[in-house]
Amino acid sequence: MLGHEFAGVVEKIGRKVTTLKTGDKVAVESIMWCGNCQPCRSGSPNQCTNIELMGLSADGAFAEYATVNERYCWNINSLENVYSESDIFDIGALIEPVGCAYNGIFIAGGGFNPGAVVVVYGAGPIGLGAIALAKIAGASKIIAFDRIKERLDIAKEMGADFAFNIDKCVPSKKIMELTDGCGAEIQVEAAGAAPVTIPEMEKSMSVNSKIIYLGRAATKTPMYLDALVSGANKIIGSRGHSGRGIFSSIIKLIASGRLSPQKMITARYPFKKVLDALKSSAKRIDGKIIVRV
């Protein structure tokens, strides 16, 4: 079954469960890490050597009930103070993609100083999450690029100061113009289009900047590596959202009202229309499509 970004109510617990009770509202990690391999025991569960991906290599949440290990569940009862009963689970389902952005920027990437310029390529759920997080973390300027007008509009709603159609401009030139020739400290690749984005990124890096690579694409991309040496720059790959307090930190940010990811939700479907939701997602004009079971 598909479905890897989800939240729900605990209907029943096993006899060894100690941190959850029936009736708790939970958001669920889709990275099913084993906890026993060397990467897991070294604090890198997203690089688990025995990894299963819920909704991909293991059953997901497109079902009335889902059986999930306690370790992948995070209590979101605190969101009741901010959202209505009907909206809590929609918001809970957004923690997974926002978590991928959080992991890339702040855990793998080491974060940035308030006042940095942040550029995000790709305004899908992960890119939109990166924009929202950059905003509350103190970015002085956030620049977004995508091919789809609807997603560029959502990027502005999520906190982007500028949003450009990548097919109608030269991104590196826009970035250099908007930064007075200094370039961007953080550039997030959430488009999965490295052959297009990486050449533009390397032309618009500031000194001591970072490229955070989150997009997935089975491709090779040439890069002028001397730019990394001369500018003391870095390119960092990141996968997943598990560990390092990622889910708990995002839940606290949402519960405090500082992070408001609901603006990325652009469509909701009842479960009986899940096939319509999948067809709609293929058009890639929505921010995040929610299926309510």
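Tutor: On one side of the contact, I91, I95, E96, V98, G99, Y102, N103 and I107 in α2 meet I246, F247, S249, I250, I251 and I254 in α8. Contact means heavy atoms within 4.5 Å, and helices are DSSP runs of H or I with at least four residues, strands being E runs of at least two, both numbered from the N terminus. By class, the contact of α2 with α8 has ten nonpolar, three polar and one charged residues. Here Ala, Val, Leu, Ile, Met, Phe, Trp, Tyr, Cys and Pro count as nonpolar, Asp, Glu, Lys and Arg as charged, and the others, Gly among them, as polar.

The model is predicted, with local features needing pLDDT of at least 70 and side-chain atom pairs counting only at pLDDT 80 or more, while totals for chains, interfaces and linings use all residues. Residues are numbered from 1 along each chain as its sequence is written, and side-chain values use heavy atoms, leaving out hydrogens and water.

As for geometry, α2 covers residues 85–108 and α8 covers residues 246–256; they pack at about 115°, with axes 9 Å apart. Axes are lines fitted to C-alpha atoms, for helices over the stretch in contact, and angles run from 0 to 180 degrees between N-to-C directions. The crossing of α2 past α8 is right-handed, a term used when the near helix is turned clockwise from the far one by less than a right angle, left-handed being anticlockwise.

Elsewhere, an open sheet has six strands in the order β8-β7-β6-β9-β10-β11, with parallel pairing; strands pair if DSSP finds at least two bridges between them. Its edge strands are β8 (162–165) and β11 (234–237), each pairing on one side only.
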